[in-house]
Amino acid sequence: MSSAIDIAAAVQSGERSAIEVLEEHLGAISERESEVHAFNLVTTDQAIAAATAVDELVAKGGPLGPLAGVPVAIKDNLCTRGVATTCSSKILEGWVPPYDATVVTRLAAAGAIMVGKTNMDEFAMGSSTENSAFGPTRNPHDLSRVPGGSSGGSAAAVAAGFAPISLGSDTGGSIRQPAALCGVVGVKPTYGTVSRLGLIAFGSSLDQVGPFANSVAEAALVCEVIGGHDPGDSTSLPQAFPAVSEHLSDGVAGMRIGLITEMMGEGIAPDVAKRIRAAAEWLAAAGAEVEEVSVPAVTFGLSAYYLVAPAEASSNLSRYDGVRYGLRVDAPTTGEMMELTRTAGFGDEVKRRIMLGTYALSAGYYDAFYGTALKVRTLIRRDFDAAYERFDALLSPTSPTTAFSFGDKTADPMSMYLNDVCTIATNLAGHPAMSVPYGLGDDGMPVGAQVLAPALGEVAMFRVAAALEGSLS
Amino acid sequence: MSIDLSVWEIVIGLEVHTELATRTKLFCSAPNEFGGEPNTNIDPLTLGLPGSLPVLNEQAVELAIRVGLALNCTIDRSVFSRKNYFYPDQPTNYQISQFDLPINGEGWLELPSGKVIGIERAHLEEDTGKSTHVGGGGRIHDATYSLVDYNRAGVPLLEIVGRPDLRSGDEARAYVSELRAILVAVGASDGKMEEGSLRVDCNVSVRKHGDAELGTRCEIKNINSLRSLGRAVDYEAERQIDMILAGERIEQQTRHWNEDEGRTLKLRSKEQADDYRYFPEPDLVGLAPSQEWIDRVREALPILPAARRHRLCERSGADTAQAALIVERGLDDLCLAALDCGADPSRTITHAEHNLSDPKALELDPEMFAKLTKMDADGDLSSTQTKTVLAELVQLGGDPGEIAEAHGFKAMDSGELDAVVDQLIAENPEQWQRFCEGDPKISGFFVGKVMKATQGQADGKVVAGLLADRVPNAAKE
């Protein structure tokens with residue numbers, strides 16, 4: 001399969017038609033989708049219409065966007081006009097958004113062709129895609145293993161060649177961890193650089209949309225297409241997305257890169273740690289100054305995250321009550337109707353987090369829980385700031401292990417939560433981070449290296465990621 | 001009303017919600033309009049659709065600042081929070097409101113009486129939709145079905161929280177009336193209580209004079225007019241005093257004002273505080289209006305009712321009650337303009353107070369009004385004639401001199417009037433006897449007769465004087 005960049009070039013030059021490219025990918029989907037289950041919905045008809053429109057534009061001589069004719073898979077928590085959007089939850093079954101998310105609009109304007117809506121953990125709550133109401137997605141590298149989550153469908157779609165690029169959302173690692181487990185590139189941009197308008201909220205102060213791709217360059221291009229100010233999102237930063245593509249071949253000579261001590265010890269599988277040390281050594285060999293650095297507050301990240309994210313989620317998800325849209329379980333009174341609808345519509349993990357969040361915000365507990373979590377957030381930011389005074393970028397594993405098997409962690413929520421131990425602090429700080437494949441673990445499954453940078457430090461982050469990618473080829 | 005106010009003190013604090021007169025809603029571009037077919041002024045955010053996000057309406061902020069400045073509040077850096085509770089007319093099941101950091105802090109408002117009432121805060125928040133419960137008792141619990149109209153959901157509200165500085169139903173009414181005048185003056189609201197543009201929640205408690213502690217308060221909702229406010233306060237105070245006198249404990253409650261029955265009824269207990277799980281709204285950023293913006297708003301503020309009252313009193317010698325009424329009717333500018341044209345100050349105020357309630361009076365030509373007050377003061381017209389000319393001036397305009405002439409008005413010669421008075425006294429000896437004995441009711445009899453005989457050309461005050469002159473000296477002692 002070709003890269004998004006090659007496809008766009010071929011479509012722009014008239015060498016290949018968008019329809020031809022689409023058919024190739026629809027073929028891949030029909031071949032393997034039944035075993036992978038990356039999609040909640042394959043939007044064949046809309047995709048054909050969109051590809052035809054691109055081809056007509058080519059025939060007329062343009063203008064063509066940078067992703068002309070490139071198939072893209074969209075996580076099912078991004079609103080798509082006229083196309084069902086479910087968050088992999090029964091509670092949203094049948095709901096069809098009357099609008100596109102800003103990122104979807106921007107992809108379409110760039111010429112990209114949406115091929116489907118990808119499976120996910122319900123409302124993005126999970127790390128394995130096992131929490132989908134519509135059944136799990138399987139890891140294309142080994143169907144007995146999870147693809148990670150919550151954006152497991154989007155990661156698997158790219159890994160399986162269903163689309164060269166896809167979009168996910170990352171609240172605590174939901175792009176980077178599945179990218180690592182599926183052996184693809186995944187980017188969580190700086191909070192505020194990519195619009196959240198049309199992204200169905202989980203933890204609003206943590207959520208960020210980002211791409212999956214097979215290469216760092218493709219991911220960079222997608223970030224540039226979807227990023228930049230959106231007046232419809234009050235938390236959107238005023239500037240354009242950092243111009244990362246033009247710096248991908250800058251190399252790392254002279255860069256200062258810190259290996260995060262707290263993410264290299266206990267809880268990290270030895271084969272994963274070994275690959276990350278190899279990455280650090282290679283970066284040093286390529287001319288970077290590499291040192292270990294302690295970022296002490298990240299160890300509190302998991303605890304703080306499991307107060308902040310559920311607290312916001314408990315409020316964000318209160319709108320699903322059967323009154324206006326989605327599932328409704330009828331009952332004699334409005335109160336009972338709401339209760340029965342929510343009981344039937346939400347899965348166990350969603351209910352667990354609503355309970356956690358409601359508790360954390362309750363009078364008498366707010367200061368001890370939510371209030372303290374906000375203080376920890378400040379501490380994490382402070383410790384990262386201290387590290388970034390000495391380093392341009394940081395390095396860690398993305399996930400403590402390679403892809404695990406179905407059912408391995410579903411019995412014990414804590415063991416599932418620990419999967420995000422390396423990714424969560426970034427969201428709490430609002431910083432960018434990305435996962436880039438860096439070889440295989442002892443089980444032959446992909447290992448992801450996580451590159452972290454300060455807010456709006458995407459150029460440094462992409463330079464390091466591109467260098468790591470280059471070292472493997 | 002059987003409250004012994006020498007013993008009991010009524011303590012009232014008001015929370016007034018006003019809908020801000022913006023073009024669009026607080027966080028989206030759906031129109032902010034009253035009325036309309038149900039669910040027509042809506043958009044994705046109004047319905048709380050997944051993926052929708054709020055964007056703060058700058059016009060609403062500007063109106064909030066205007067009100068804040070008019071109420072002498074501090075304008076502060078503020079933060080929006082979510083107030084979480086489940087109710088079908090709240091589309092997201094949380095209300096975006098300002099909690100611990102409101103846009104307008106500590107301020108005050110001066111009543112026409114001169115009393116100053118503290119303002120605790122005035123913060124921005126969004127309105128809810130409207131539910132209609134059909135069947136059963138018309139309540140959400142027993143309805144057959146419920147309908148929700150989201151046209152109002154998301155309309156910007158400013159909640160103005162007053163200090164418990166009010167001490168009577170009348171004072172509470174004066175406060176709301178003054179607040180409404182300010183809101184209308186700064187263009188923040190149309191002030192229509194009947195359309196819900198202005199909603200008053202009233203906290204009432206009672207204590208004995210000299211008590212340091214406030215009594216347990218009850219909050220009264222559903223007050224839809226100034227009249228209801230006064231009645232509700234009086235009823236509620238009496239209810240609480242009766243309970244205390246009967247040795248009962250006042251429970252902190254939310255109570256509903258029933259206009260038809262003229263009493264308050266318990267809605268729910270407030271002994272246990274509701275837990276709204278407030279937390280900062282993560283979809284919005286902090287609001288910090290620049291000093292430059294605040295200064296610009298301040299400079300553009302119109303002159304406010306209190307200042308207008310003071311100005312009128314100073315220029316015309318009107319008392320506070322007269323000034324309050326004239327400013328409320330918006331006639332102060334006319335009065336001041338007439339004074340500039342040399343109007344008689346006392347007659348100007350008297351006419352504005354008593355004879356200019358017609359809204360058309362606002363269009364009166366100040367020069368002609370001034371001329372009339374001078375004719376009146378100089379005795380060129382009787383008071384009845386003056387009223388007639390003024391009424392015509394208001395309705396049709398023109399020159400008061402010409403109007404008086406057209407009617408054949410001129411003040412009567414005193415000789416003519418003396419003759420009329422003497423004749424009437426002779427014709428009505430019995431009534432005259434009573435007049436001389438000091439019966440106050442009989443004076444009107446003679447004045448009326450004189451007016452009739454002179455076809456209204458006599459001046460009532462002059463007639464009264466002539467009658468008094470004719471009372472024998474013996475009767476006066």
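Residues are numbered from 1 along each chain as its sequence is written, and chains are lettered from A and ligands numbered from 1 in the order in which they are written. Because the model is predicted, local features need pLDDT of at least 70 and side-chain atom pairs count only at pLDDT 80 or more, while totals for chains, interfaces and linings use all residues.

**Exercise 1. The sheet of chain A**

Task: work out the order of the strands in the open sheet of chain A, and find which strands stand at the edges.

Solution: 
- Start with the terms: strands (E, at least two residues) and helices (H or I, at least four) are DSSP runs numbered from the N terminus, and two strands pair if DSSP finds at least two bridges between them.
- Now read across the 11 strands of chain A: S1-S3-S2-S4-S6-S5-S10-S11-S9-S7-S8, with mixed pairing.
- S1 (39-42) and S8 (289-293) of chain A each have a single partner strand, so one side of each lacks a neighbour in the sheet.
- For a close-up, take S5 (residues 185-188) and S6 (residues 208-213) of chain A: they run antiparallel, joined by two bridges. Val185(A) is placed opposite Ala213(A) in S6(A).

**Exercise 2. Helix H7 of chain A**

Task: decide how many residues of H7 (residues 216-226) of chain A are buried.

Solution: 
- Count C-beta atoms, placed from the backbone, within 10 Å of a residue's own: 20 or more others make it buried, 12 or fewer exposed, and anything in between partly exposed.
- In H7 of chain A, 11 of the 11 residues pass as buried, so the helix is largely enclosed by the rest of the structure. Among them are Glu218(A), Cys223(A) and Glu224(A).
- Just after H7(A), Gly228(A) has a positive phi of about 100 degrees.

**Exercise 3. The spread of chain B**

Task: compare the radius of gyration of chain B with the globule rule.

Solution: 
- The radius is taken over C-alpha atoms, and the rule is 2.2 Å times the number of residues to the power 0.38.
- Chain B holds 16 helices and 13 strands.
- For its 477 residues the rule gives 23 Å, but the radius of gyration of chain B is 29 Å, well over that, so chain B is more spread out than a compact globule.
- Along the principal axes, the C-alpha atoms of chain B fill a box of roughly 90 × 55 × 45 Å.
- Finally, 39% of the 477 residues of chain B count as buried.
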